[in-house]
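I opened this model to look up a strand, its spaces and its side-chain contacts. My entries are below the structure.

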Amino acid sequence: MATRFFYSPQINLLGAGCVQEVGAQMKALGFKKALVVTDKILVQNGIVAKVTDTLVKKNITFVLYDEISPNPTCAQVHKGFDLLTEHGCDCIVTVGGGSPQDAGSAMGILATNGGNIRDYEGIHKSAKPGMPTIAVNTTAGTSAELTINYVITDEDRAVKMVMVDKNSIATMSVSDPELMIGKPADLTAATGMDTLTHAIECLLTKGAYAVSDCMALECVKIVFKYLPTAVKDGTNLEAREQMTYANFLIGLAFSNAGLGYVHSMAHQLGGIYDLPHGVCNAMLLPIVTKANAAYAPDKIRLIAAVLGANAMSDAEYADFVLNKIKSLSEEIGIPKTLDELGITNPDFDRLAESALKDVCTGGNPFQPTKEQTIAMYKALVK
């Protein structure tokens, strides 16, 4: 049996109130000055202050960079890196969902490896571990605070570059559900479906193994039980905490096992049309899973079993799982078509060609053709 490498942050803080430990843990690690990478909304709503206040208490100074967009660009990464260098920071603190986390990972790689962030597109392209990063998560969705993956939009090519790099993993992850209280319902829904997409793709991917399967199946069970409550009542701490656990489990799992074609296709919608990643994943999940079902019937049975099905044929198990996904998406208000997102005339040819080249494609249970890919994209149009 081949040797498995399981990558994880050195320290992981979990649970309500754990953000209060950030400054103390950073002090213990010897950090003195941080670049705080985030977005303006999280500054305005006071979430960033809950993190930076713990730094101030431990005499750790910081420089704030709050210009990260939902699909972070090369220009944003390099601007942040310039700030980091100018102010002599010895670590990076990322506060937010996948966007600040990915941008911070990219800056950390540049800090120790140099060059242009475009140089690192692909798999394990850097030579040295990135600058130490403390990743404070504010959504139960992307798992970017845990993984060896980060995604940056090359605005010149309108392409989402996927970097899979063990050197980019955070030094410490922080997952405090109290930071997620009151998040908007649509954001909660989108990030929650991103978590579910990670779980199902992690189960079906070619790189799956016993450890990742266990984590992914538990994630599936948690998401179906608690996501509707988290969406309907953003103040429900139990639902928020359970979704945080689901996000934590699957982040560790897919970081070490891989993903598949849902992400390959979603990356192109985000890169070309600047659409939200979680929504794209959610819309594509039943479409791509239907195509994958025939190639991984044993994994479909496992998913169906944790959702309550038994004694069915493979085709019935697949229908059961697909209907469950569709029902959950409908219940929490996920859009069904690209028209609802303002995309009325998508370039199917360009989308398909780019998806086939995506780094996640190799993990899919089968290799789709361009024609199959176009057909799946067309399923998103009225």
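The entries go from the strand to the pocket and cavity, then to the cysteines and salt bridges.

**Basis.** I am working from a predicted model, in which local features need pLDDT of at least 70, side-chain atom pairs count only at pLDDT 80 or more, and totals for chains, interfaces and linings use all residues. Residues are numbered from 1 along each chain as its sequence is written, and side-chain values use heavy atoms, with hydrogens and water left out.

**Strand β4.** I took helices (H or I, at least four residues) and strands (E, at least two) as DSSP runs, numbered from the N terminus. For burial I used relative accessible area with a 1.4 Å probe and protein chains only: buried is under 20%, exposed is over 50%, and partly exposed is in between. I find that 6 of the 6 residues of β4 (residues 91–96) are buried, so the strand is largely enclosed by the rest of the structure. Cys 91, Val 93 and Val 95 point one way from β4, while Ile 92, Thr 94 and Gly 96 point the other way.

I then looked up the partners of β4, where pairing requires at least two DSSP bridges between two strands. With β2 (residues 33–37) the pairing is parallel, over 4 bridges. On that side I noted Leu 35 opposite Ile 92. With β6 (residues 133–137) β4 also runs parallel, and 5 bridges join the two. There Gly 96 stands opposite Asn 137.

**Second largest pocket.** The search ran on a 1 Å grid over the protein atoms alone: a cavity is a set of points where a 1.4 Å probe fits but cannot get out, a pocket is an open set with protein on both sides within 12 Å along at least five of seven lines, and lining residues have an atom within 4 Å of a point. Points are joined across faces, edges and corners, and a volume is the space filled by probe spheres set on them. I read a volume of about 340 Å³ for the second largest pocket. Its lining has 16 residues, and those nearest the centre are Met 283, Pro 286, Ile 287, Lys 326 and Lys 336. Helices α10 (277–292) and α12 (314–331) each supply at least two lining residues, and α12 gives the most, with 6. I sorted the lining into 9 nonpolar, 2 polar and 5 charged residues. Here Ala, Val, Leu, Ile, Met, Phe, Trp, Tyr, Cys and Pro count as nonpolar, Asp, Glu, Lys and Arg as charged, and the others, Gly among them, as polar.

**Largest cavity.** I count 4 cavities of 30 Å³ or more. The largest cavity has a volume of about 80 Å³. It is lined by 13 residues, with Thr 139, Ala 140, Thr 188, Thr 191 and Arg 240 closest to its centre. The elements giving two or more residues to this lining are α6 (185–204), α7 (210–232) and α8 (237–257); α6 gives the most, with 4. The lining divides into 6 nonpolar, 5 polar and 2 charged residues.

**Cysteines.** How many disulfides are there? With a disulfide taken as a pair of cysteine sulfur atoms within 2.5 Å, I get 0. For Cys 89 the nearest cysteine sulfur is that of Cys 91, 7.3 Å away. Cys 89 is buried, at 7% relative accessibility. For Cys 214 the nearest is that of Cys 202, 11 Å away. Cys 214 is exposed, at 57%.

**Salt bridges.** I required a side-chain nitrogen of Lys or Arg within 4 Å of a carboxyl oxygen of Asp or Glu, and the count is 14.

- Asp 213 and Lys 299 meet at 3.3 Å, N to O. The pair links α7 with α11 (residues 297–306), 86 residues apart. Asp 213 is buried at 14%, and Lys 299 is buried at 13%.
- Lys 232 and Glu 331 have their closest N and O atoms 2.9 Å apart. Lys 232 lies in α7 and Glu 331 in α12, so the pair ties together parts 99 residues apart in sequence. Lys 232 is exposed at 62%, whereas Glu 331 is partly exposed at 44%.
- Arg 301 and Asp 314 come to 2.7 Å between closest N and O atoms. This pair joins α11 to α12 across 13 residues of sequence. Arg 301 is partly exposed at 33%, as is Asp 314 at 41%.

My last entry is a salt-bridge network that links Arg 118, Glu 121, Asp 154, Glu 155, Asp 156 and Arg 157.
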